[in-house]
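Let's look at how the names given to features of a model follow from their cut-offs. Have the structure open beside you as we go.

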2 protein chains.
Amino acid sequence: MELRRNVLIINPVEADPFAVTEAQWQAAWARAGKPPVTAGFATPGPDLAAALATADTIITGPPILADILALPMPRLESVFLLAAGVDRLAGLAWPRGVRLLNNRGVHGAKLREYMLWALLALHMRAPVLAMAQVARRWEPVFTPAIAGRRLTVVGTGDLGGASASAGKALGMNVTGISRQGRPHTACDRVLPSAALDAVLPETDALVLACPLTPATRGLLDARRLALLPAGAHVLNVGRGALLDQAALVAALASGHLGGAVLDVTDPEPPSPDDKLWSAPNLIVTPHISADDPTIYNDASLDLFFATVDQANPPNLVDLGLGY
Amino acid sequence: MELRRNVLIINPVEADPFAVTEAQWQAAWARAGKPPVTAGFATPGPDLAAALATADTIITGPPILADILALPMPRLESVFLLAAGVDRLAGLAWPRGVRLLNNRGVHGAKLREYMLWALLALHMRAPVLAMAQVARRWEPVFTPAIAGRRLTVVGTGDLGGASASAGKALGMNVTGISRQGRPHTACDRVLPSAALDAVLPETDALVLACPLTPATRGLLDARRLALLPAGAHVLNVGRGALLDQAALVAALASGHLGGAVLDVTDPEPPSPDDKLWSAPNLIVTPHISADDPTIYNDASLDLFFATVDQANPPNLVDLGLGY
């Protein structure tokens, strides 16, 4: 199929390390070896409406897309999202007939490294070691190897698969949880969502790596946290609203949980007086787990060229399912 | 060869998570399937001299061994050290004809996990992220993947090999440095010690994992730190005196180094007013990188039984070389 498109790339107004540059676009175009494509660049503002009137394809991120969805875009056929999660679009009217592609697959390599670090940091009790250093105290904390521990990963997409892969590389026993329970190469087993409650008591580390949808909002609530064994670890790299943050803080404060790592929170950022900042054995990182700035746009644009004209691309979002 | 020995296990007086228990000894004995061995247990104190008078084999750690070396041990044939490093024995008169075995090989699995964590923590700028959390600030720090970075490991023994293996698992390019430069399976190349200065400018992360000997004391001094490229990382899991700590702190303070992880210091612990505790981007852990308390004594005792009667065991210490 010939690619003849009027592509509009919309970057944020403010400086952003993930803004797509003209050079990145040209380089990806050259790599793709596709016929010429006219790309326009725009930012939100008074001039955007005119550009939207002629664009048939938009490349942008969720915040901008959410803001422009109500504007007239009479020729729009496709949106390529510079993100994987589409929860920000929930409840908004989607333009009829327009298909939405995301950049799933771009986050796995970096997330896998983050997850290796995060699983080991909790297992080694890095927050306890760090507090001892701040207090100038030499207090050895000896821990066994993480190999053989039980990792449960909710979600087996790009992030979940990379999390499972990190666990396998550490010699952990990995259980995946997905809607349908289809096998995944990095998981020792994958169970359907309905099995989650039964698996929690046999979980040493629980990773949330699924999309935020009506079905997953508040998934890890106080009841499910209580099902985890004493000393278990919780890690969230999906979306903040997947878990009940107040219940998490309570489970850390009581000592029921041995530790937690949150790379996503609700809201982002947490307010300065949020208890998350200082909960015991809780590591908060600012939504950086899966974004490698040196390859992010290149990989996203390669995926764009590879999939924009496919009839049924793997990165086609089902807005009904929410991913 | 028949094993008929009078073994004396000397534990510290104070409670110690690594004291060898009678149950551990009996279980290792059973696993070894060896002929009966009489084992005695002792602690330093007035009664120790009598036990030393009849023991032909001693199992203990470096601090106790250093203290008793000058006592009469007329029947002593072998010492099995519950440690790998023998630097604590340097300069002490060693009893003629007594051979020294250490527990090299027991530390690798745990050290590999620590090194995965430490390499990633520095690469992700975990100290910067932690300070932002303490200050309740959401300040994203985006970093590329660690895969492809250049790791140099000084020492290719148990700790160095495990460090190299961690680097390979992360996709790093791994250069080993050893006395003779013999190849190692986890290293892309191994170079002899004389090549160190030439390799430092091409090193993103430098791991010190060699024994402390007269040849390696102060190995990483101010001159060699300056040979590392700007932003490089330093990790020490060998012995504190392998590096010039004041020079390290200065290189961190100036920003020449991007970060460091020290699991060993000189002295241990550092004094409360030591600048190590608060140097920027420096993570200090209390000598816990390679000790898994759940397997340490079992693995050590298995090694004891496997090697105590070997003519030329792999864990025979050459006190001239210092390892």
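Rings of Phe, Tyr and Trp (its six-membered ring) pair if their centres lie within 6.5 Å; planes under 30 degrees apart count as stacked, over 60 as edge-to-face and the rest as tilted. This is a predicted model, where local features need pLDDT of at least 70, side-chain atom pairs count only at pLDDT 80 or more, and totals for chains, interfaces and linings use all residues. Residues are numbered from 1 along each chain as its sequence is written, chains are lettered from A and ligands numbered from 1 in the order in which they are written, and side-chain values use heavy atoms, leaving out hydrogens and water.

Q: How many aromatic pairs does the structure hold over all chains?
A: There are 14 of them.

Q: Why is the pair of Phe18(A) and Tyr296(A) called edge-to-face?
A: The planes stand at 75°, with 5.1 Å centre to centre, so the angle is over 60 and the distance within the limit.

Q: What makes this pair a tie between parts 278 residues apart in sequence?
A: Phe18(A) sits in the loop between β1 (6-10) and α1 (22-32) of chain A, while Tyr296(A) belongs to helix α10 (residues 296-307) of chain A. Helices (H or I, at least four residues) and strands (E, at least two) are DSSP runs, numbered from the N terminus.

Q: Why is the pair of Trp25(A) and Phe305(A) called tilted?
A: Their planes lie at 40° and their centres 5.1 Å apart, so the pair is neither stacked nor edge-to-face.
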